[in-house]
Amino acid sequence: MEDLLLAAKVVLPLFVYMAVGGFIRKKAIFSLENFKSLNHMVFYVFMPLTLFFNVYEADLGNVVKPGIFLFIFISIILLFTAAWVVITHTVKDQADSATMIQGAYRSNYVLLGNVIAGSLCGKEGLALVAALAVMVVPMFNILAVILFEVKRDNNVDFLRIIRNVFKNPLVCAGILGGLFKLFHIPVPDLLQQPLATLGDAATPLALVTLGGILSMGSIVRHGKYLIAVTAVRLIAAPAAALTAAAVLGYREIRW
């Protein structure tokens, strides 16, 4: 019962934010175009600020261990490869196939990682999420660029991939935060407080935006694909990763 209450405490606020977005759209306070513009702003401004300050402010001394980086790196590569092989052979439409593969291996790390890690593991969990973000976010985006390039043209243009990766604001924010942390570059107090506050708004604002953009018609049309990807993302992948972690002797966040 305690675990159920904890899960509800972590997940319920996310649905509340999305419900608010749906309410705003239903009452025509914001149009779909307004929400799309807001989504663009969240991606290019609020989320990069969140990621930058997560890395910049994290106390990484007790949580940065080679084992966890290697474990997460291998897990992502294996999940990406398995999803590509299975989905490519079962879904013939290239656009649907690419979207499903991305949905299977890629999580909303920046938006939900902090919320869940903070609720389950406290400050140490937040520090671990921030440390991993430097690797995980670029990995997700590099793999996504490779995926969509291959699915679109059946070839890989490495120069275009590199350009697209470094155009991604999350990749740039994660790297920049890591450099500021590594070289002890201070952010002036007059800038840090307002910018960090804007970053704190990223998760609720992004989820409100998601609630306003969601289309029930699209969900129904792609229902079988959504169910399959959700099963992989929320059941199969966590079960495999947690089992592997347990076999390797990892417990809680002590790596």
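**Exercise 1. Describe the salt bridge of Lys36 and the setting of its two residues.**

Step 1. Lys36 pairs with Glu33 in a salt bridge, with the closest N and O atoms 3.9 Å apart. A salt bridge here is a side-chain nitrogen of Lys or Arg within 4 Å of a carboxyl oxygen of Asp or Glu.

Step 2. Side chains of opposite charge can pair when their charged atoms come close.

Step 3. Helices (H or I, at least four residues) and strands (E, at least two) are DSSP runs, numbered from the N terminus. An α-helix has 3.6 residues a turn, so residues three or four places apart point the same way.

Step 4. Lys36 is partly exposed at 42% relative accessible area. Glu33, at 51%, counts as exposed. Buried means under 20% relative accessible area, exposed over 50%, and partly exposed in between (1.4 Å probe, protein chains only).

**A note on the model.** This is a predicted model, where local features need pLDDT of at least 70, side-chain atom pairs count only at pLDDT 80 or more, and totals for chains, interfaces and linings use all residues. Residues are numbered from 1 along each chain as its sequence is written, and side-chain values use heavy atoms, with hydrogens and water left out.

**Exercise 2. Work out which residues join Glu149 in a salt-bridge network.**

Step 1. Locate Glu149. Its place is in helix H5. Glu149 is buried, at 4% relative accessible area.

Step 2. Glu149 forms a salt bridge with Arg152, the closest N and O atoms being 3.1 Å apart. The two are 3 residues apart in H5 (residues 109–153), so about one helical turn separates them. Arg152 is exposed, at 53%.

Step 3. Take the other partner. Arg160 forms a salt bridge with Glu149, and the closest N and O atoms are 2.6 Å apart. This pair links distant parts of the chain: Arg160 is in helix H6, Glu149 in helix H5, 11 residues apart. Arg160 is partly exposed, at 24%.

Step 4. Join them. Salt bridges with shared partners make one network of Glu149, Arg152 and Arg160. The structure holds 3 salt bridges.

Step 5. Leaving aside neighbours within four places in sequence, Glu149 touches Asn154, Asn155, Arg160, Ile161 and Asn164. Contact means heavy atoms within 4.5 Å.

**Exercise 3. Find the nonpolar surface patch and say which helix gives the most to it.**

Step 1. Name the members. Leu159, Ile162, Phe166, Ile175, Leu176, Leu179, Leu182, Phe183 and Ile185 form the patch, with about 870 Å² of accessible area together.

Step 2. Assign helices. H6 (158–167) and H7 (169–182) are the elements that give two or more residues. H7 gives the most, with 4 residues.

Step 3. Recall the rule. Patches take residues with over 30% relative accessible area and no salt bridge; like charges are joined within 9 Å, nonpolar side chains (Val, Leu, Ile, Met, Phe, Trp, Tyr) within 5 Å. Accessible areas come from the Shrake-Rupley method with a 1.4 Å probe; for residues, only the protein chains shown count as cover.

Step 4. Inspect one member. Leu159 is found in H6. Leu159 is exposed, at 60% relative accessible area.

**Exercise 4. Trace the surroundings of Ala58.**

Step 1. Ala58 lies in the loop between H2 and H3. At 7% relative accessibility, Ala58 counts as buried.

Step 2. Ala58 and Leu128 are 70 residues apart along the chain, and their C-alpha atoms are separated by 8.2 Å.

Step 3. Beyond neighbours within four places in sequence, Ala58 contacts Phe53, Ala127, Ala130 and Lys181.

**Exercise 5. Summarise the whole fold.**

Step 1. The protein has 11 helices and 0 strands.

Step 2. For 255 residues, a compact globule would have a radius of gyration near 18 Å; the protein has 19 Å, which agrees. The radius is taken over C-alpha atoms, and the globule rule is 2.2 Å times the number of residues to the power 0.38.

Step 3. Buried residues make up 35% of the 255 residues. Among contacts between residues at least 6 apart in sequence, 80% join residues at least 24 apart.
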